Structures are given as structure tokens and as C-alpha cells.
Amino acid sequence: MLRRTIPRLVALTNRHLEWPTVRNKATDPFEFSEKAWEEAKRILKKFPETKKQSAVIPLLHLVQVQNGGWIPLSGMIKIAEICQLPQKKVFEVATFYCMFNHKPVGRYHIQVCVTTPCMVRGSDEIMHALEHHLGVGEEEVTADGLFSISEMECMGCCANAPMIAISDYSDPANFKYDFFEDLTVERAIEIVDGLKRGEYPKVIGSQTGRQGAMPQGERTSLSEPPPAPFCRNLADC
């Protein structure tokens with residue numbers, strides 16, 4: 001099955017500028033909260049005065065968490081002021097990394113990996129099932145503001161495909177970002193229904209009980225102790 005593509009509201013290069021349903025103007029006020037500003041100062045102290053640009057990514061993350069899961073244009077401009085950078089330098093970073101959101105997302109933002117290993121193992125079916133179950137398309141938010149869904153490129157769990165990541169903005173001060181691997185359509189829907197009831201999944205990572213990327217079932221290699229020598233001491237060979 002070919003993956004259905006949802007038309008984007010705006011061109012990718014303008015994602016941070018205009019969204020028809022969201023007020024997101026350069027003139028909008030943005031200030032860090034008292035707690036976030038203390039964290040921002042701690043981040044800035046890690047870098048020399050001439051290397052403030054290195055703080056852009058952690059500061060963008062800080063803005064996103066404070067703002068409930070997305071980064072307004074005014075937040076990017078504030079970071080440019082703090083780091084003494086041209087605004088475009090911050091825009092470039094914010095629009096390069098797909099984990100930075102440029103419009104409001106749900107309290108639980110579901111990101112479905114669609115790279116080849118996950119696609120082969122059924123990520124398209126998971127994406128379509130979640131869209132149908134939640135009644136939203138990609139990059140849309142449910143009417144109650146609880147869920148949003150988007151595609152994500154490889155998140156490094158290829159051996160445990162298919163997988164999703166869930167960004168939990170229900171309590172921004174205690175933001176969480178967890179992987180759920182070895183998924184089936186049924187298990188993905190169970191996770192979503194649990195979140196609707198206010199029940200965060202107890203099992204993080206593999207949903208089939210695997211440890212790390214161990215094989216399912218019996219070992220497929222190293223089923224017996226390896227023969228000597230056990231080290232690279234050639235004198236023992």
C-alpha cells in the first residue's frame with residue numbers, strides 16, 4: 001500500500017512563518033518563564049561568549065517545552081537576540097530538525113516512523129489506523145487538543161520495527177519523550193485509548209518483552225559457548 005500524503009498548509013521552506021489557523025507573528029510577545037530563564041542561563045554558561053550559537057538547539061527545545069509543544073516565530077527571534085545571531089541562523093536550525101514543531105500539537109504528539117524498515121513491517125497500516133481512530137490527518141490536532149500525529153524519519157530502532165514516539169506535553173514542566181517498539185495496529189490503538197483515560201503506558205520500548213534488540217524467540221547465533229581462545233592472545237592459538 002502506498003502511503004497517503006496529506007497536502008501541507010504551506011511550503012516547507014515557510015513552515016515557521018505562516019499558518020492559516022494559528023496566530024504566529026514576529027511581533028507577538030515572547031518571554032521565557034522565570035524557571036525557563038534560569039535554565040536558559042545555565043545552558044548559556046556552558047559555552048564561551050563567542051560561541052553562543054552552540055546554545056540554539058537546547059534553547060529551541062526549552063521554548064518548545066514552555067510553549068506546550070511548538071515553537072512560535074517570536075520564540076525563535078528571542079533566541080536570536082539572546083545568542084546575538086541573525087534571525088535566519090535560528091530559523092535554519094528550527095526548520096532543519098523535524099523534532100521541532102512550528103504550529104500547535106496535541107498534549108500527546110504521536111510520531112510514526114515511516115523509514116524503510118518500519119514501512120516494511122507495517123508502519124503505513126499503523127499510521128492509517130491511528131488517523132482513522134483519532135479522526136485526524138497528519139499534522140492535525142484532535143478537537144479536544146489531546147492528540148496530534150505526524151510522520152517521523154528513522155529514530156534508530158530499525159531492529160524493533162515498527163515503532164512510534166510519543167511526546168508528552170500534558171505537563172510541560174515534566175516533558176517526556178518515549179519510544180514504543182515492536183508495535184501492532186492493535187497495540188498502537190490500545191496505547192492511545194489508555195492515554196485518553198489518563199493512563200500513561202507502563203511498558204516503554206519493546207511491546208513484546210524483548211530486551212534491547214535481542215531476537216524474538218530463541219537465539220539465532222552464539223547458541224553455544226564459543227571455542228577457545230577467548231581473547232586475541234595469539235600465543236594461545
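**Helix pair α6 and α7**

I began with the way α6 passes α7 in this predicted model, and I recorded the crossing as right-handed. For the geometry of the pair I noted that α6 (123–134) and α7 (residues 185–196) pack at an angle of about 35 degrees, their axes being 9 Å apart. I then listed the residues that make this contact: from α6 they are E125, I126, A129, L130, H133 and L134, and from α7 they are V185, A188, I189, V192, D193 and K196.

**Helix α2 and its surroundings**

Which residues of helix α2 are buried? Going along residues 56–66, I found that V56, L59, L60, L62, V63, Q64 and V65 are the buried ones. I next looked up what these buried residues pack against, and I wrote down three helices, namely α1 (34–44), α3 (73–83) and α4 (87–96). After α2 comes G68, for which I noted a positive phi, near 75 degrees.

**A nonpolar surface patch**

On the surface I looked up a nonpolar patch formed by I57, F96 and Y97, which together have about 330 Å² of accessible area. I placed Y97 in the loop between α4 and β1 (108–113).

**Backbone entries in the loops**

Where does Q84 lie? I located Q84 in the loop between α3 and α4, and I noted that, although Q84 is not a glycine, its phi is positive, at about 55 degrees.

My last entry concerns the peptide bond from A161 to P162, which I recorded as cis, with omega near -5 degrees. I placed P162 in the loop that lies between β2 (147–152) and β3 (164–168).

Notes. Residues numbered from 1 in each chain as written. Predicted model: local features only at pLDDT ≥ 70, side-chain atom pairs only at ≥ 80, totals over all residues. Heavy atoms only, no water. Buried < 20%, exposed > 50% of the residue type's maximum accessible area, 1.4 Å probe, protein only. Helix = DSSP H or I, 4+ residues; strand = E, 2+ residues; numbered from the N terminus. Contact = heavy atoms within 4.5 Å. Patch = residues over 30% accessible without salt bridge, like charges linked within 9 Å, V, L, I, M, F, W, Y side chains within 5 Å. Areas by Shrake-Rupley, 256 points an atom, 1.4 Å probe, with all protein chains shown as cover. Salt bridge = Lys/Arg side-chain N within 4 Å of Asp/Glu carboxyl O. Axes fitted to C-alpha atoms, helices over the stretch in contact; angles between N-to-C directions. Left-handed = near helix turned anticlockwise from the far one by under 90°.
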